[in-house]
Amino acid sequence: MENVTYITGDGVPQSFLPFSPAVQAGQYVFISGQASVDDSGTIVKGTFEEECRRSFDNLGKILKAAGLSFENVVQVRNYVGSQEDLAAFNQIYKEYFTAPFPARTTLIGCLGDLLKFEVDAVAMVKR
């Protein structure tokens, strides 16, 4: 496809599942769901806080590989496993994003038992 780049490279978490970590289409970068995984895609279990931070750190690795930062993010979708973790999520979220905040959706109780948190995002190259 014309004007489409697939974001890969050193430090970008890989997956054995059939998806690209991120795809740049024009000036937008669409980042697939990032969870608490190591660089080879193996799930790293931990507390909610540990899994949430690792997920955001993985998002940051992909943004960096695309030549971007958290400041370029225009939309974030968050998946929080348990209602009890919502307050912790909002605190951690503010460590990665600052005002003016990107558009945001947060779904709760949708992950099953495998993950405690997942995040996907859309970033804009020229923001």
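Q: Which residues form one aromatic cluster?
A: This is a predicted model. One aromatic cluster is formed by Phe48, Phe56, Phe70, Phe89, Tyr93, Tyr96, Phe97, Phe101 and Phe117.

Q: What describes a pair of aromatic rings?
A: The distance of the centres and the angle of the planes describe a pair. Rings pair if their centres lie within 6.5 Å. By this rule there are twelve aromatic pairs here. Take Phe56 and Tyr93: their ring centres are 6.2 Å apart and their planes stand at 70°, so this pair is edge-to-face.

Q: Which parts does that pair of Phe56 and Tyr93 tie together?
A: Phe56 belongs to helix H1 (residues 48–65) and Tyr93 to helix H2 (residues 86–96), so the pair ties together parts 37 residues apart in sequence.

Q: Is Phe56 buried or exposed? And Tyr93, buried or exposed?
A: The cut-off for buried is under 20% relative accessible area. Phe56 has 0%, so Phe56 is buried. Tyr93 has 2% and also counts as buried.

Q: How is the pair of Phe70 and Tyr96 classed: stacked, tilted or edge-to-face?
A: Their ring centres are 5.4 Å apart and the planes are at 55°, so the pair is tilted. Phe70 sits in the loop between H1 and strand S4 (73–80), and Tyr96 in helix H2. The two are 26 residues apart, and the pair links distant parts of the chain. Tyr96 counts as buried, at 17% relative accessibility.

Q: What lies over the face of Tyr93?
A: Arg104 does, at 4.7 Å from the ring centre.

Conventions
Residues are numbered from 1 along each chain as its sequence is written. This is a predicted model: local features need pLDDT of at least 70, side-chain atom pairs count only at pLDDT 80 or more; totals for chains, interfaces and linings use all residues. Side-chain values use heavy atoms; hydrogens and water are left out. Rings of Phe, Tyr and Trp (its six-membered ring) pair if their centres lie within 6.5 Å; planes under 30 degrees apart count as stacked, over 60 as edge-to-face and the rest as tilted. Helices (H or I, at least four residues) and strands (E, at least two) are DSSP runs, numbered from the N terminus. Buried means under 20% relative accessible area, exposed over 50%, partly exposed in between (1.4 Å probe, protein chains only). A charge sits over a ring if NZ of Lys or CZ of Arg is within 6 Å of the ring centre and within 35 degrees of the ring normal.
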